[in-house]
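Look at the sequence and the model together.

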Amino acid sequence: MKFRHYAILFIKLKILINIMKRLSVLLFCLFAMLVNIACADNNKVIQVSQLPKDAQSFITTNLSSAKVALVTSETEGLSKSYKVIFDNGNSVTFNSKGQWTDVDCEGSEVPAAVVPAQIMKYVKATYPSCRIEEIEKDRRGYEVKLSNKLELSFDKKLNIVDIDK
């Protein structure tokens with residue numbers, strides 16, 4: 001009789017453990033979905049006047065000859081960035097403070113005022129027949145894409161550190 005009692009308890013315990021396992025998996029999946037939704041990309045179209053003042057000033061100073069076609073605000077997790085696309089195909093990406101992080105001038109040259117003088121000097125001396133079509137800036141330095149499809153990487157001190165084809 002005692003054995004039967006323990007067998008029934010054991011079976012009930014096993015069923016309870018299976019239910020708990022399924023419930024924990026379900027809760028984990030629900031949590032993962034909520035985190036994914038919270039961190040999902042959130043892109044929306046905005047007006048130029050909604051850009052940070054530094055971004056507006058950069059466009060006026062360096063890219064005023066082209067007409068703005070589209071401005072988007074992009075939120076990814078906790079970071080925010082802005083992308084401005086012009087009617088000639090060029091684009092500029094700004095961080096949340098309005099500082100440029102990428103200037104892409106497809107088939108044309110990045111304005112000289114945007115490129116640090118030391119980088120411009122290096123490119124003109126080493127690749128005189130090439131133009132800079134894109135420049136990216138991050139905390140590590142700069143990456144420059146030339147019209148001959150070479151990609152040059154510079155550190156924060158503007159020293160060349162890598163060349164990729």
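In this predicted model, Val-144 lies in strand β7, which covers residues 141-146. Is Val-144 buried or exposed? Val-144 has a relative accessibility of 0%, so it counts as buried; the cut-off for buried is under 20%. Leaving aside residues up to four places away in sequence, Val-144 touches Ile-119, Ile-132, Glu-134, Ile-135, Leu-150, Glu-151, Leu-152 and Phe-154.

Rolling a probe the size of a water molecule over the atoms shows where empty space is left. In the largest pocket, that space comes to about 180 Å³. Sorted by class, the lining holds 6 charged, 3 polar and 3 nonpolar residues.

Now turn to the cysteines. A disulfide is a covalent bond between the sulfur atoms of two cysteines. How many disulfides does a search of the whole structure find? The search finds 0. For Cys-105, the closest cysteine sulfur is that of Cys-130, and at 16 Å it is too far for a bond; a disulfide needs the two sulfur atoms within 2.5 Å. Cys-130 is likewise in no disulfide. Cys-105 is buried, because its relative accessible area is 1%. Cys-130, at 8% relative accessibility, counts as buried too.

Finally, step back to the chain. It has 3 helices and 9 strands, and from the N terminus on they run in the order α-β-α-β-β-β-β-α-β-β-β-β. Along the principal axes, the C-alpha atoms fill a box of roughly 95 × 40 × 25 Å. The radius of gyration of the chain is 27 Å, whereas a compact globule of 165 residues would have one near 15 Å. Of the 165 residues, 31% are buried, and Val-144 is among the buried ones. Among contacts between residues at least 6 apart in sequence, 35% join residues at least 24 apart.

Terms used. Residues are numbered from 1 along each chain as its sequence is written. This is a predicted model: local features need pLDDT of at least 70, side-chain atom pairs count only at pLDDT 80 or more; totals for chains, interfaces and linings use all residues. Side-chain values use heavy atoms; hydrogens and water are left out. Helices (H or I, at least four residues) and strands (E, at least two) are DSSP runs, numbered from the N terminus. Buried means under 20% relative accessible area, exposed over 50%, partly exposed in between (1.4 Å probe, protein chains only). Contact means heavy atoms within 4.5 Å. On a 1 Å grid over the protein atoms alone, a cavity is a set of points where a 1.4 Å probe fits but cannot get out, and a pocket is an open set with protein on both sides within 12 Å along at least five of seven lines; lining residues have an atom within 4 Å of a point. Grid points are joined across faces, edges and corners, and a volume is the space filled by probe spheres set on the points. Ala, Val, Leu, Ile, Met, Phe, Trp, Tyr, Cys and Pro count as nonpolar, Asp, Glu, Lys and Arg as charged, and the others, Gly among them, as polar. The radius of gyration is taken over C-alpha atoms; the globule rule is 2.2 Å times the number of residues to the power 0.38.
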